[in-house]
Amino acid sequence: LIVFTSNIFAILGLRSLYFLLAGVVDKFRYLKFGLGFILVFVGLKMAWLNEAFGGKFPVTWSLGIIGAILTASIAASLIIKPETHAAHKGRT
């Protein structure tokens, strides 16, 4: 019963987190690129970096790199403003 109820509450919590993120995903337009870079990093880590570091890439480095990529993509989304349609009309 404890395992079942803990899984149910975890799923309900993730569901509400999903709807929260779905509402703000338009605000973070560079987040998709950041997640892509994270997937590339994880793939490189599994295929090459573990071999280069004697079979064990440092976990603290991995978390730092992933955190830096996420922070940079969110910061870029907030700092770089999208060009409006009116700005394009003035150029043509």
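Q: In this predicted model, is tryptophan 61 buried, partly exposed or exposed?
A: Partly exposed means lying between the under 20% of buried residues and the over 50% of exposed ones. Tryptophan 61 has a relative accessible area of 47%, so this residue is partly exposed.

Q: How do the rings of phenylalanine 57 and tryptophan 61 meet: stacked, tilted or edge-to-face?
A: A pair of aromatic rings is described by the distance of the centres and the angle of the planes. For phenylalanine 57 and tryptophan 61, the centres are 6.0 Å apart and the planes stand at 85°. Planes over 60 degrees apart count as edge-to-face, so this pair is edge-to-face.

Q: Is phenylalanine 57 buried or exposed?
A: Residues under 20% relative accessible area count as buried. Phenylalanine 57 comes to 6%, so this residue is buried.

Q: Which residues form one aromatic cluster?
A: Phenylalanine 57 and tryptophan 61 are already paired through their rings. The cluster holds these two together with another phenylalanine, and its members are Phe41, Phe57 and Trp61.

Q: How many aromatic pairs are there?
A: Rings pair if their centres lie within 6.5 Å. By this rule, the number of aromatic pairs is 3.

Q: What kind of pair do the rings of tyrosine 30 and phenylalanine 33 make?
A: Their centres are 6.3 Å apart, and the planes meet at 40°. Stacked pairs need an angle under 30 degrees and edge-to-face pairs one over 60. The angle here falls between those limits, so the pair is tilted.

Q: Which backbone atoms does the side chain of serine 77 reach?
A: One is the backbone oxygen of serine 73, at 2.9 Å. The other lies at 3.4 Å and is the backbone nitrogen of arginine 29. Arginine 29 is also among the residues that serine 77 touches, including Lys27 and Tyr30.

Q: Which residues make the nonpolar surface patch of about 600 Å²?
A: One member, leucine 1, lies in the segment before helix H1 (2-24). With 82% relative accessibility, leucine 1 counts as exposed. The whole patch is made by Leu1, Phe4, Ile8, Phe9 and Leu12.

Note on methods: Residues numbered from 1 in each chain as written. Predicted model: local features only at pLDDT ≥ 70, side-chain atom pairs only at ≥ 80, totals over all residues. Heavy atoms only, no water. Patch = residues over 30% accessible without salt bridge, like charges linked within 9 Å, V, L, I, M, F, W, Y side chains within 5 Å. Areas by Shrake-Rupley, 256 points an atom, 1.4 Å probe, with all protein chains shown as cover. Salt bridge = Lys/Arg side-chain N within 4 Å of Asp/Glu carboxyl O. Helix = DSSP H or I, 4+ residues; strand = E, 2+ residues; numbered from the N terminus. Buried < 20%, exposed > 50% of the residue type's maximum accessible area, 1.4 Å probe, protein only. Polar contact = N/O pair within 3.5 Å; in protein donor to acceptor, adjacent residues only side chain to side chain. Contact = heavy atoms within 4.5 Å. Lists of a residue's contacts leave out its neighbours within four places in sequence.
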